[in-house]
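Dear colleague,

I am passing on the structure we spoke about, and below it you will find my notes on what turned up when I went through it. Please read them with the model open beside you.

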Amino acid sequence: MPLARGHNLTLLLLCSSILVAPACGERGVDSRTRLTFGPCAVSIPDASAICGTLSVPENRAKANSRSIGLPFVILPARTAEPKPDPIALYSGGPGPSALEVVASIPHLPEFSLRQERDVVVLNQRGSRNTTPEDLDCPELARDVAGGAGFKTMDEMLAAVTACHDRVTASGADLAGYDSTHNARDMEELRILLGRERGFSKWNIVGSSYGSRLALVSMRDAPEGIRAVVLDSPAPVQAPTFYEANTLEVLTEVIAACGRQPSCAKAYPDLRTRFANALLALEDAPVQLGDHRITGHDVLIMMGRSLGGDVYRDLPRFMDLIARGDLSTAATLLPIYISLDFHPNARGMHLSVMCRDEGGHPIDTRALPLLGEGWPDRLRRIDAFYSAHADRHACPTWTAGQPPEPHAGEPVRSALPALITVGQFDSRTPVANAQALLGDLPRAKHVVFPGRGHGMLEYEPCMHQMAVAFLDQPDGELDTSCVEPLPQEAFTVE
């Protein structure tokens, strides 16, 4: 069957960018890529699971690249007559083993997304269970809760260097670990699985980093995608390493407190008083037991804590900080931050994020985009420390690598999309989702009151909405399961 003109153009562009010309195989599959079925790389608690390995070149731009093995699992639909277009589930992180995430889903046979469609999951390159090795960094592992976090930036950077030197000495080509390569892996899996199982298009459901990867797939291989769900979206153009996300979300927390009469009365003028207290702590840190507390310590912990029901205590916590009562505040949230660095598959996380963020030169004197209404100095403090360790580690990790060609370019697509985001998500705030709407004209956007990050992991209403959307991508979306913020959402003294 002849290829459509758009497909030929896409293939030509791929062959001229991340692929070397001799490696461009039929319909965009690298001639070195192989699909095999076999035992599951991890124990999947579902006897119907179908597993195998996608073997791909580590760096498609090099003719002599070594091969790496990426395990996958297919969760067959539970109905006798499944719908023809499966779901590709893009995991977050980047770093965790996607198969281990699937294996941990409670009551896997009842998982809502696979009732009427097959669900396909591929381990991202460099995560655990990939071969010949993953890109984990034991050198960076620290028991932060036990007080063993990195105490200085130099100590952390020495550990980054040690891991970098070890994995490159073992043969890893770190220039092959980014979202462009990850998305190409998914596209080759779609094509090869489609030949085996009789489908040509699939739907993508991606959460957190998985949403960024989904956007890259929409950019690079739209012809194989029917519809997309982007949960807790991380736009390609969003500057992960320098943004005032925590202050952006605290603006919403304070506004919601103002709409609750008891909260507004208990904590008046909260933003001004809290901002002044943070700046005072930044200028004159306070000793709390063995710990020296700064303003950015408080902000970092609040950013990590947002989500779930912890928001209920945030106005009270902010009021205690504003009154200088750090001891009582620490009973609500621990406020000491050790300089830690502990994402899953740490080297893989560094590779993807540093290369993806290569298009964002960081000027720490610049004013972040988010956090409007807070003091400019505090916005810079929030942005400077929000991804402190990652940002400092990137020059070491990406030394000598060519730049990622599409870093920072917004993705524009006419594919139907559902965008879901939590009201109090400080990792990928509501502003991220809103930034996508101008470039995705067929997108539907739903904000979940009181929710935090990564609702694909825990929110039944989000699952229900995703299933309904995939059934009718251009139909009217039923949002009746979305619960409003409770009338008495916040605790008061």
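**Overall build**

Of the 493 residues in the chain, 56% are buried. Please keep in mind throughout that this is a predicted model. The chain holds 16 helices and 11 strands, and its radius of gyration is 23 Å, close to the 23 Å that the globule rule gives for 493 residues, so the chain is as compact as a globular protein of that length. Along its principal axes the C-alpha trace spans about 70 × 55 × 40 Å. Among the contacts with a separation of 6 or more, 77% are between residues 24 or more positions apart.

The C-alpha atom of Val29 is 9.9 Å from that of Arg190, although 161 residues separate the two along the chain. Val29 has a relative accessible area of 6% and is therefore buried, the cut-off being under 20%.

**Helix 6 and its partners**

Two packed helices are described by the angle between their axes and the distance between the axes. Helix 6 (residues 245–258) packs with helix 10 (residues 314–322) at an angle of about 105°, their axes lying 10 Å apart, which makes helix 6 roughly perpendicular to helix 10. On the helix 6 side the meeting residues are Leu250, Val253, Ile254 and Cys257, and on the helix 10 side they are Leu314, Pro315 and Met318. Sorted by class, this contact between helix 6 and helix 10 has seven nonpolar residues, with no polar and no charged ones.

With helix 13 (376–386), the axis of helix 6 crosses at roughly 120°, and the two axes come within 7 Å.

**Covered helices**

In helix 13, the residues Leu378, Arg379, Ile381, Asp382 and Ala383 are buried, and the buried residues of this helix pack against helix 6, helix 8 (270–283) and helix 9 (295–305). Helix 14 (residues 388–397) is mostly covered, with seven of its 10 residues buried; these are His388, Ala389, Asp390, Arg391, Ala393, Cys394 and Trp397. The cover over the buried residues of helix 14 includes helix 3 (153–169), helix 12 (346–356) and helix 13.

**A buried arginine**

Which residues does Arg114 contact, leaving aside its neighbours within four places in sequence? They are Asp46, Ser48, Leu75, Pro76, Ala77, Arg78, Leu108, Pro109 and Val119. Arg114 itself lies in the loop between helix 2 (98–103) and strand 5 (119–122), and its relative accessibility is 0%, so Arg114 counts as buried. The side chain of Arg114 reaches the backbone oxygen of Pro76, at a distance of 2.7 Å.

**Backbone points to check**

Most residues other than glycine have a negative phi, and most peptide bonds are trans. Against that background, the following places may deserve a look.

- The peptide bond from Gly93 to Pro94 is cis, with omega near -5°, and Pro94 is placed in the loop between strand 4 (87–90) and helix 2.
- The peptide bond from Thr131 to Pro132 is also cis, with omega near 5°, and Pro132 is found in the loop between strand 5 and helix 3.
- His107, which is not a glycine, has a positive phi of about 50°; His107 is in the loop between helix 2 and strand 5 and, at 61% relative accessibility, counts as exposed.
- Ser208, likewise a residue other than glycine, has a positive phi near 55°; Ser208 sits in the loop between strand 6 (202–207) and helix 5 (209–220) and, with a relative accessible area of 14%, is buried.

With best wishes

Notes: Residues numbered from 1 in each chain as written. Predicted model: local features only at pLDDT ≥ 70, side-chain atom pairs only at ≥ 80, totals over all residues. Heavy atoms only, no water. Axes fitted to C-alpha atoms, helices over the stretch in contact; angles between N-to-C directions. Helix = DSSP H or I, 4+ residues; strand = E, 2+ residues; numbered from the N terminus. Parallel < 35°, antiparallel > 145°, perpendicular 65-115°, else oblique. Contact = heavy atoms within 4.5 Å. Nonpolar A, V, L, I, M, F, W, Y, C, P; charged D, E, K, R; others polar. Buried < 20%, exposed > 50% of the residue type's maximum accessible area, 1.4 Å probe, protein only. Polar contact = N/O pair within 3.5 Å; in protein donor to acceptor, adjacent residues only side chain to side chain. Rg over C-alpha atoms; globule rule 2.2 N^0.38 Å.
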